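Colleague: I would like to go through this model with you feature by feature, taking the general idea of each before the case at hand. Shall we start?

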Amino acid sequence: MGEIAGVLLAAGGGSRLGTPKAMVEFAGERLVERGVRLLSEGGCHPVVVVLGAAEIRISGTAAVYNPDWASGMGSSLRVGLGSLPDTAAAAVIALVDQPLVRPAAVARLIEAFHAGATVAVATYGGAPRNPVLIARGHFAEVCALAEGDVGARPFLRAHPELVTPVPCDDVGDPADVDTPEDLAAVRRQATRPPEAG
């Protein structure tokens, strides 16, 4: 059925955070390393990291540079999907600034693909967030619709009939890190003991 690749969008400058998000330390590792681990441990191979504002060396993965990173997430998504090998039957797209999402969420998206879904979206409290899996047959349209600071969202809105929601409430939290306050909040959340159940 082909490989399921991972694409980590990590090119942003983190203007509200004051530093590129990829470089931020979280629980003993940089967010970019945590994102790579999310995808690889979730079952993605290969994993491609799209970089821009920060030059980072990441062992064991392919990094591609988006020269147009300042234009927003859309260009990074196009660069990431465009860099995947022909053997990739689908791609799981993850954001570098959601460190509380766990590999099991990625694994569930891949399970949905193997069960027949061509677009699978992680949901939390019933709301669609990230990560997102997209089959190769949709790459061209996803790239055509990705503009500015939106990634796959325009494609997902244009084709609700394709979307398979995958509940992930128990395997992560989609909180993102946009400001120093956000970072402090997710760090506090990460140190809380897990709830029983």
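Colleague: At its relative accessibility, does aspartate 97 count as buried or exposed?

Modeller: Buried stands for a relative accessible area under 20%, exposed for over 50%, and partly exposed for values in between, computed with a 1.4 Å probe on protein chains only. Aspartate 97 comes out at 8% and therefore counts as buried. Bear in mind that this is a predicted model, in which local features need pLDDT of at least 70 and side-chain atom pairs count only at pLDDT 80 or more, while totals for chains, interfaces and linings use all residues. Residues are numbered from 1 along each chain as its sequence is written, and side-chain values use heavy atoms, with hydrogens and water left out.

Colleague: With which residue does the side chain of aspartate 97 meet in a salt bridge?

Modeller: The general idea is that side chains of opposite charge can pair when their charged atoms come close. Here a salt bridge requires a side-chain nitrogen of Lys or Arg within 4 Å of a carboxyl oxygen of Asp or Glu. Aspartate 97 meets lysine 21 in this way, at 2.8 Å from N to O. The two are 76 residues apart and link distant parts of the chain, lysine 21 lying in the loop between β1 and β2 and aspartate 97 in the loop between β6 and α3. Lysine 21 is itself buried, with a relative accessible area of 16%.

Colleague: Which other aspartate forms a salt bridge with lysine 21?

Modeller: Aspartate 178 does, the closest N and O atoms being 2.6 Å apart. That pair too links distant parts of the chain, 157 residues apart, with aspartate 178 placed in the loop between β9 and α6. Aspartate 178 is buried at 18% relative accessible area.

Colleague: How many salt bridges does a search of the whole structure find?

Modeller: The search finds 9. Another of interest is that of arginine 108 with aspartate 170, where the closest N and O atoms are 2.7 Å apart. Arginine 108 belongs to helix α3 and aspartate 170 to the loop between β9 and α6, so this pair ties together parts that are 62 residues apart in sequence. Arginine 108, at 25% relative accessibility, counts as partly exposed. As for networks, salt bridges that share partners join Arg16, Lys21, Asp97 and Asp178 into one.

Colleague: What volume does the largest pocket have, and which residues are the closest to its centre?

Modeller: On a 1 Å grid over the protein atoms alone, a pocket is an open set of points with protein on both sides within 12 Å along at least five of seven lines, whereas a cavity is a set where a 1.4 Å probe fits but cannot get out; lining residues have an atom within 4 Å of a point. Grid points are joined across faces, edges and corners, and a volume is the space filled by probe spheres set on the points. The largest pocket has a volume of about 1000 Å³. It is lined by 39 residues, of which Met73, Leu95, Asp97, Asp149 and Arg153 are the closest to its centre. Two or more lining residues come from each of α2, β6, β7, β8, α5 and β9, and β8 gives the most, with 4.

Colleague: Which residues line the largest cavity?

Modeller: The count is 1 cavity of 30 Å³ or more, and the space in the largest is about 30 Å³. Its lining consists of Leu38, Ala94, Leu95, Gln98, Val101, Asn130 and Pro131, with β6 and β8 each supplying at least two residues.

Colleague: What kind of peptide bond joins asparagine 130 and proline 131?

Modeller: The bond is cis, with omega about 0 degrees, and proline 131 is found in strand β8. Histidine 45 and proline 46 are also joined by a cis peptide bond, with omega about -5 degrees; proline 46 sits in the loop between α1 and β4.

Colleague: Where does alanine 27 lie, and what is its phi?

Modeller: Alanine 27 lies in the loop between β2 and β3, and its phi is near 55 degrees, a positive value in a residue other than glycine. With a relative accessible area of 64%, alanine 27 is exposed.
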